[in-house]
Number of protein chains: 2
Amino acid sequence: MTDDVLLAQTLRGGHVESCHYGAIAVVDAAGGLVFTAGDVSTPIFPRSTAKSLQALPLLADGAADHFDLPDAALVLACASHQGEPQHIATALDMLARTGLDQNALECGTHWPLDSAATRALAATGEEACALHNCCSGKHAGFICLACASNMPAEGYTNPQHPVMRRIAHTLASVMDTPHTDANRGVDGCAIPTWAVPLTALALGFARFATGLHLTPDDAAAAKRLRTAISANPFMIAGTDQFDTLVMQELAPRVLTKMGAEGVMTVALPEQGLGIAIKCRDGGIRGAEAAAAAMIKRFGKIESPILEHFLARKLTNWNGQTVGEIRTAPSLLPRN
Amino acid sequence: MTDDVLLAQTLRGGHVESCHYGAIAVVDAAGGLVFTAGDVSTPIFPRSTAKSLQALPLLADGAADHFDLPDAALVLACASHQGEPQHIATALDMLARTGLDQNALECGTHWPLDSAATRALAATGEEACALHNCCSGKHAGFICLACASNMPAEGYTNPQHPVMRRIAHTLASVMDTPHTDANRGVDGCAIPTWAVPLTALALGFARFATGLHLTPDDAAAAKRLRTAISANPFMIAGTDQFDTLVMQELAPRVLTKMGAEGVMTVALPEQGLGIAIKCRDGGIRGAEAAAAAMIKRFGKIESPILEHFLARKLTNWNGQTVGEIRTAPSLLPRN
């Protein structure tokens, strides 16, 4: 990883406290490399950044229309949500349209990622269930896809299940990269995740941004998802989250998606570009800081939310500013 | 930071997913360098690793005896606790001995770091207070120090307050390193934190481990703290935490303390060594993985808990093993 570049540093009292290194690929829909920094060829796991690509068959195969899914549900299928009440209600509604409920989910259970949501749930005396898993919307989408095609939903997380094979086919096609046993791992929510070069992940988002080099059905699905996400940025993440904050201000010009272990993707439809970032240590704050610079530089966008993430203040428990997370100056636009 | 070395990697499906780089210093009480790796000279903030050194005046100046503090309270003064009921009760008891309560704490409020403790508190309908701050025991110790010396407790977090000046003097002396305005930052709990070379932090823990090159009062205080921590490892952290798990099995032969932003210190009394580790990206899992190797190598200890942290399993929400955090082989003992 010695090829990686500095993405961001945290500062305290004017001294550097921590450093994030990683890699960035900016690619057009034909696969042309517009910008790279760091090691963009060693395969990385896209994790949750791939969710909007994994959701393409839900629309392209007609399941979204079959169950008349509202836009908020389409976005939740692409979401790493914080387990807030709107997210939970939407996931449950998606399942109800298939005649199923949370017992059909195979993602496992954790308490809401949003701490206020966890405390509110605990205060009711209830326990968390699979609906609160940050991936429950994606899983509800998989179940809709299975049920609309008259496939059994059970076992849908298994790599050999027709739903997962369908997803793998779409991912391989959109990213022009094999998705086989050789590059497969298991994601936190039990479905397969395939390691791909950062350039391939960026290519997927250039195509998602533009519809170019996609099948007509996938291109239409991508356009509908971009519209739905732009109108419902809260549903893709939640309170105080990078994706929600950035898209509330900048969608549909900018679409972003975080993934576990420091991965971030950006789609820039006006420029026809896809961006993929891996913070090599897995720290999402490093990927967010780098993404803000890439959006400013390649999206040619000036915005308060980008400035916020280019020099994010760190406060202590008394609210006193004690430092900041500062994007590496080398990533910023050239004047 | 190009001088840093690999500390650990996370693996998923047999592929490397994330990497942690950083630096390590192993030092004896005279300042002799036994082992170094990576950049050990650029100053870093010790953060909470310094707590047991910050607690020396509490004992050395007689405040612990003045208020007849039990061993559990001495340990809580060195703790980054998880906000579990035993921690909260002990912090409140420390304050009660001075005639004060949580309103005297200047550390700020956050919900317990232990998620079960947060949910239990929320279920009662109560709100978090400063007692739940992971540093409340350290702050209660500062208040005991002030009150036993007939100093006003109020403002004790200010760098110019006599308590903080006393702490700075001890830290500078134990680490043989200036603690001035030039290298000062503000910690998460509002007190000063001073950036020091990793070798200086390791020196502090070699002296804490042995009592050598300390004043007689500080040497006696260090011995009493080592004994108290070894008998109460739950109080220094809590459920499922590295420090508690390692010391439940290996104290008093091994004493460890984590700090925010990927810092870890180890005291090895039998070998007369102090160890300091900085995971450069701030990831504590990288520092823990490296610490396990250093304890095995320089403490010459074989133990299941060390093997656990040398190749820690990563599971998903269904309990399925999906990968591991593996210590860099280069750090392990030479056969």
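This is a predicted model: local features need pLDDT of at least 70, side-chain atom pairs count only at pLDDT 80 or more; totals for chains, interfaces and linings use all residues.
**Two chains and the contacts between them**

B:Pro252 lies in the loop that runs between α11 (242–250) and β6 (255–259) of chain B. A:Pro252 sits in the loop between α11 (242–250) and β6 (255–259) of chain A.

Most peptide bonds are trans, and most residues other than glycine have a negative phi. A:Arg47 has a phi near 50°, a positive value in a residue that is not glycine. To find A:Arg47, look in the loop between β3 (33–37) and α1 (51–54) of chain A.

The next topic is the packing of helices. Two packed helices are described by the angle between their axes and by the distance between those axes. In chain A, helix α9 (residues 198–210) packs against helix α10 (residues 216–231) at an angle of about 85°, and their axes are 7 Å apart. Angles from 65 to 115 degrees count as roughly perpendicular, so α9(A) and α10(A) are roughly perpendicular to each other. On the α9(A) side the contact is made by A:Phe208, A:Ala209 and A:Thr210, and on the α10(A) side by A:Ala222, A:Leu225, A:Arg226 and A:Ile229. Sorted by class, this contact has five nonpolar residues, one polar residue and one charged residue.

The axes of helix α9 (residues 198–210) and helix α10 (residues 216–231) of chain B come within 7 Å and cross at roughly 85°. α9(B) and α10(B) are therefore roughly perpendicular to each other. Here B:Phe208, B:Ala209 and B:Thr210 of α9(B) meet B:Ala222, B:Leu225, B:Arg226 and B:Ile229 of α10(B). The contact of α9(B) with α10(B) has five nonpolar, one polar and one charged residues.

Salt bridges come next. A search of the whole structure finds 32 of them over all chains. One is formed by A:Asp176 and A:Arg207, whose closest N and O atoms are 3.3 Å apart. This pair links distant parts of the chain: A:Asp176 is in the loop between α8 (162–175) and β4 (184–186) of chain A, while A:Arg207 is in helix α9 of chain A, 31 residues away.

The last topic is the interface of the two chains. How many residues of chain B are in contact with chain A? There are 45, and they touch 45 residues of chain A. The size of an interface is often given as the accessible area lost when the parts come together. Chain B and chain A bury about 3,600 Å² between them, with 54% of that area on carbon and sulfur atoms.

Across this interface there are four salt bridges. B:Arg285 forms a salt bridge with A:Glu261, with the closest N and O atoms 2.8 Å apart. On the side of chain B that touches chain A, β1 (5–12), β2 (15–28), α6 (115–123) and β4 (184–186) of chain B each supply at least two residues. The largest share of that side, seven residues, comes from β2(B). By class, the side of chain B that touches chain A has 15 nonpolar, 18 polar and twelve charged residues.

Note on methods: Residues are numbered from 1 along each chain as its sequence is written. Chains are lettered from A and ligands numbered from 1 in the order in which they are written. Side-chain values use heavy atoms; hydrogens and water are left out. Contact means heavy atoms within 4.5 Å. Buried area is the accessible area (1.4 Å probe) that two parts lose on being put together, summed over both. A salt bridge is a side-chain nitrogen of Lys or Arg within 4 Å of a carboxyl oxygen of Asp or Glu. Helices (H or I, at least four residues) and strands (E, at least two) are DSSP runs, numbered from the N terminus. Ala, Val, Leu, Ile, Met, Phe, Trp, Tyr, Cys and Pro count as nonpolar, Asp, Glu, Lys and Arg as charged, and the others, Gly among them, as polar. Axes are lines fitted to C-alpha atoms, for helices over the stretch in contact, and angles run from 0 to 180 degrees between N-to-C directions. Angles under 35 degrees count as roughly parallel, over 145 as roughly antiparallel, 65 to 115 as roughly perpendicular and the rest as oblique.
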